[in-house]
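Reader: I would like to learn how to read cavities in a structure. Please take one case and go through it.

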Amino acid sequence: MTKLTWTVLNLTQANLDITQYVRSLSFSYGRPSPVSPYSGNTGLLVLTNTSNQAAYANVNDNISISCTPNTHGFTQSDKVAEFTVISREYNDNPGNGNNSTVTVLLQDALHNAGNVNFVNQSLVSTNGQMQEIVNLLPNQLSIIATNTDVAMSTGTFSVNVNQRLNDIATGDRGLFRSTANSFTSYEYSYRPPSNFALQIGVSTVLTFGRTTSASQIGYQTISRSESSNNNLLYNSATITGSATSATKTNAASIALYGVRSFTATTAQSAKVDETAEWYANAFSDPNTITLKMTFSDVAQNATALALFAGSVLGNTIFYNVSYTPPGGVSTTGVYWPESITVDATPASTLFNITMTPQTYYANFILNDTVWGVLDTDRLGVS
């Protein structure tokens, strides 16, 4: 039977292997939707604690989670996630203490950012500001950031660090993605839209569909949700940058569906009009489909499972997903794993994934069949 084997290391305690004490683990990363903030994610470890094994996961220790089989194509380990211990809850068994456990709460780098407030902090980089922030907190933010496409405001700021990172990402329209086992070995990387095709791209070796194969993960349940049903239909966007605001509308969409407004505050000092225009277009179709799927490791082909561990979990990119509506025909589209939840026990691992259509990340590149907006009707904003 094919299944993932998990390994949990305490990096702070000289890479101490604590797997033998782990009864179950769960973690997640991503965000609920493409317009949600990256608020950070958490994980849980349930450890045997019959003789103070809780000491193997102290508060503020860094925990690495890896799994095999894992086809990642890099020289790094099989790591798929990294977290910081933030608290422990003891579940003591009365009497001799047999079967006592400790629940260890974990949080990731983006969650760590929410714990820090800048007070009169000088930020001087326009396009490299995200990495500038990360460099100020190297022990808390395991993130590597590519320069943004859009220039950000500079000056002296008193602001929550997570909020500032999100204000930058919203204005730039980029992505945070898991890169735990890539060549960077950072927990997350940030990529702007100009890097999507080169740095992220669409997988050529792994897909998702109704059946399993050496190159396809077979989902066990799948649900489809239209944008009009999951608060992702917008045709009027107001963006407030550091110095100016702009409102753009899609007249054709408004005529059909009424005004659906989106508002956001960003850190950008330029191209506020373009950002508003993008939001008014990219989310104006009420029939755009978001997918939610579940599947277990024991139901998969071993080769595909190893590809999934090394790519979706450890070095996330875009993927082709196929589904067949009842009474319809097979449909295939390019999707981004917006959020991933993992629940593992020694017996099996269950995955829940929300897949966002790539059209929510397309930009105004008219001659690009993957990353461009080719429907000229959707360019009619004002």
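**Reading the cavities**

Author: Strand 6 (residues 79–91) gives the largest share of the lining of the second largest cavity, 4 residues. Strands here are DSSP runs of E, at least two residues long, numbered from the N terminus. This is a predicted model, where local features need pLDDT of at least 70, side-chain atom pairs count only at pLDDT 80 or more, and totals for chains, interfaces and linings use all residues. Residues are numbered from 1 along each chain as its sequence is written, and side-chain values use heavy atoms, with hydrogens and water left out.

Reader: How many cavities of 30 Å³ or more does a search of the whole structure find?

Author: Rolling a probe the size of a water molecule over the atoms shows where empty space is left. A cavity is a set of points, on a 1 Å grid over the protein atoms alone, where a 1.4 Å probe fits but cannot get out; lining residues have an atom within 4 Å of a point. The search finds 2 cavities of 30 Å³ or more.

Reader: What space lies in the largest cavity, and which element gives the most to its lining?

Author: About 100 Å³ lies in the largest cavity, a volume being the space filled by probe spheres set on the grid points. Strand 21 gives the most to its lining, with 4 residues. Among the lining residues are Trp336, Pro337, Glu338 and Ile340.

Reader: Which residues line the second largest cavity?

Author: The second largest cavity holds about 50 Å³ of space. Its lining includes Val80, Ala81, Glu82 and Phe83, along with Tyr29 and Tyr188.

Definitions and conventions. 1 Å grid on protein atoms, 1.4 Å probe; cavity = no way out; pocket = protein on both sides within 12 Å on 5 of 7 lines; lining within 4 Å.
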